[in-house]
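Please walk through this structure with me, from one of its helices to its nonpolar core and then to the backbone of its loops.

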Amino acid sequence: MTQVEQFHYDNKIVKKFAYATMLWGIVGMLVGLIIALQLVFPSLNFDLPFLTFSRLRPLHTNAVIFAFVGNGIFMGVYYSLQRLMKARMFSDLLSNLHFWGWQLIIVSAAATLPFGFTTSGEYAELVWPIDIAITLVWVIFGINMFGTILKRREEHLYVAVWFYIATWVTVAVLHIVRNLELPTSGLHSYGVFSGVQEALVQWWYAHNAVAFFLTTPYLGLMYYFMPKAANRPVYSYRLSIVHFWALIFIYIWAGPHHLLYTSLPDWAQSLGMVFSLMLIAPSWGGMINGLLTLRGAWDRVRQDPILKFMVVAVTAYGMSTFEGPMMSIKSFNAVTHYTDWTIAHVHVGALGWNGMLTFGILYWLLPRIFNTKLYSTNLANVHFWLATLGIIFYAVPLYWGGVTQFLMWREFTPDGFLVYPNFLETVTQIVPMYALRVLGGVIYLTGVILGVYNLLKTTGSAKCVDNEFAEAPAFPQHHVETGVKKHWHSWIERRPMQMLVGSLVLILIGGMVELFPMWWIDDNVPKIASVKPYTPLELQGRDIYVREGCVGCHSQMIRPFRFETERYGDYSKSGEFIYDRPFLWGSKRTGPDLAREGTGKLKKSDSWHYNHMIDPTSISPGSIMPAYPWLAEDDLDISTTAAKINALRKLGTPYDAGYEQIANEDLAVQAQRIAKTLKAEGVDQAGVEKKEIVAMIAYLQRLGVDITLQAQAEK
Amino acid sequence: MFKYILQEAGDINWMATTALVLFFSIFVIGSGWVLTRKKDYVDKVSRLPLDDE
């Protein structure tokens, strides 16, 4: 007879993560609301750098993904893992280090991103010291999780735990590879990869951040909490196993669908598209499995707000995982890419799948660990309807706006001219949609605030059972045959480390096939002789462009469509980007593409840029671009030039040896030249040659120049 | 562009082939496994979340 052991579950750590989830949920969505408002009323940045759309957008995305959903993951994992393993977490100390470390990272993000400390890779914006902190905290989480699994009392690893394991190992790989960088100072670095290579690594990373941060851990939570809430086992455990292996294997390949019609090699684009289409199968397998778990319990969905939240969450998962593969088809991607369609798509996922599941779990979990009842079921129902309506009001206007804008971009007159040659016309047309989107955000956030109020009232009147008593038979040291035939999967199910290695191998295969051909070849992109490294002033200007987050609204990647080449000039070639660290292709055009801004018919005078930066509406009435007046007020910091040149040379940019010693002299000469031009064009600002704006102008005037020189030489 | 990259990369066909073979193997083995499981085992594991309190 196996001995029954007594122990306690740690609910205190679950409670902490739950509170953090609610707090950062409100903060992240509030920042989202502010920037959504700024697209309607650009003056709402009050001419303050840290309140400007382009700097706040990464704060919003990072807060929602890593702070709100991140804490949601940890809340759910710490609750379910202990119970599935019939064991307390491996170490209370590690649990707390994990919790406080993660919060510290979030606070560091909030203290750096609005102040322009960013690497600009989407969802990987944080500067290198924070990247290291994330690695450390992730390792702590891993030790704690695997320690718990290893000291478990339950023989089998339920499918939710596999999802947690795959999440941990994949996020570790993604985070490290994406953030290989060479520091130039305490808060600045250049990435190891540049141009096309970096683009591939970036979207391999970012797509899989969606896959392995927003999806697989939440699927684990779905497989645990949905049966709990419905009080019946998952519809098909068999299906969940196929779902798991197929999903983690296919997901890792799909990243290049973010780069369709760009300068990425065709083979990589096709790879991304094919695997994205295949993703429908496991994704919908999972969705169907979730929904059918409620078979025979649909009557309860009418009364139980928790089940309502979960049903809408899983439905939203199904919708976005249908939409995603469709958007990966090249011809359809031509429509959605760079438009607000993408924004609508991600919000169906974030607000629907992640948001609704998080609150479904919170409503289920908090009353349990506080051993009480939910304060108000009616209020939870109100929250549910506000959330559902909020998503609709958010997404529909943006789908509409996205398609409208695309149709305007591509419309030609019978004579073959663009009907809307001025990009701004296609923006002002959809500003009413941006206003409606704000309404959707307000509705959703109101629901969240009501939900948090409801949950705080629930916990406020009760005491958390910090240490919940439990008992279970000790782990069987010598497995006793139970009459069930043994097979390979029950073998792997009992061996978490083998499961870890299996998952790692599977995701590495996809990652390697995608990335290695690009890394292996020294000469991976056709060189263009006329493409030269940036001058020191342009380099500093480029880093200001990065700091201000211009890439959030301006792409630098012209696709090979006539309606794009007609508007912006020749389509982009991979060889143009070899010195671009970071690459700045962007993924959304709230403003026009800037790849050829310094050349051809798009070229503007220096004074145009000067005035446009200080007040965009003075040049383009109706523009929703924020004003950047501080660029003309703040002195350019040239003390960093040498370190930057040094770092770039180490990474392969061919600056001559010793150039860093004289780089600032070249910088001053070029700045003087621009200042002189500005003066000649009527901009009379004393000492303008020392201001940041001059560097920014130098960079903008360089865009597209090299490739044009090549074209002229060929002629 | 496609050909250029692949030629420069050397012989990487084995990569694509290996990936394809692995992919199909996982599906075939996985599907074969789930279809041949005894019901009592599947029921037992699928009830794990419900039996943990």
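A residue is called buried here if 20 or more other C-beta atoms lie within 10 Å of its own, exposed if 12 or fewer do, and partly exposed in between, with the C-beta atoms placed from the backbone. The model is a predicted one, in which local features need pLDDT of at least 70 and side-chain atom pairs count only at pLDDT 80 or more, while totals for chains, interfaces and linings use all residues. Residues are numbered from 1 along each chain as its sequence is written, and chains are lettered from A and ligands numbered from 1 in the order in which they are written.

Helices are DSSP runs of H or I with at least four residues, numbered from the N terminus. By the buried criterion, H4(A) contributes A:Ile130, A:Ile134, A:Ile140, A:Phe141, A:Asn144, A:Met145, A:Thr148 and A:Ile149. The expected span of a helix is 1.5 Å times one less than its number of residues; for the 23 residues of H4 of chain A, 128-150, this gives 33 Å, in agreement with the 33 Å between its end C-alpha atoms.

Helices H6 (residues 195-230) and H11 (residues 305-327) of chain A pack at an angle of about 145°, their axes being 10 Å apart, where axes are lines fitted to C-alpha atoms over the stretch in contact and angles run from 0 to 180 degrees between N-to-C directions. The contact, which requires C-beta atoms placed from the backbone to lie within 7 Å, is made by A:Met222, A:Met226, A:Ala229 and A:Ala230 of H6(A) with A:Ile306, A:Leu307, A:Met310 and A:Val314 of H11(A).

A:Met310 is also among the residues with the most contacts inside the largest nonpolar core, which has 210 residues; such a core is a set of buried Ala, Val, Leu, Ile, Met, Phe, Trp, Tyr and Cys residues joined through C-beta atoms within 7 Å. The largest share of this core, 22 residues, comes from H6(A).

A:Ser276, in helix H8 (residues 266-278) of chain A, is buried because 26 other C-beta atoms lie within 10 Å.

Turning to the backbone, most residues other than glycine have a negative phi, and most peptide bonds are trans. In the loop between H1 (11-40) and H2 (53-85) of chain A, A:Phe46 has a positive phi of about 50° and counts as exposed, with 9 C-beta neighbours inside 10 Å. A:Asp47, in the loop between H1 and H2 of chain A, has a positive phi of about 55°. The peptide bond from A:Arg581 to A:Pro582 is cis, with omega near -5°.

Conventions:
Helix = DSSP H or I, 4+ residues; strand = E, 2+ residues; numbered from the N terminus. Contact = placed C-beta atoms within 7 Å.
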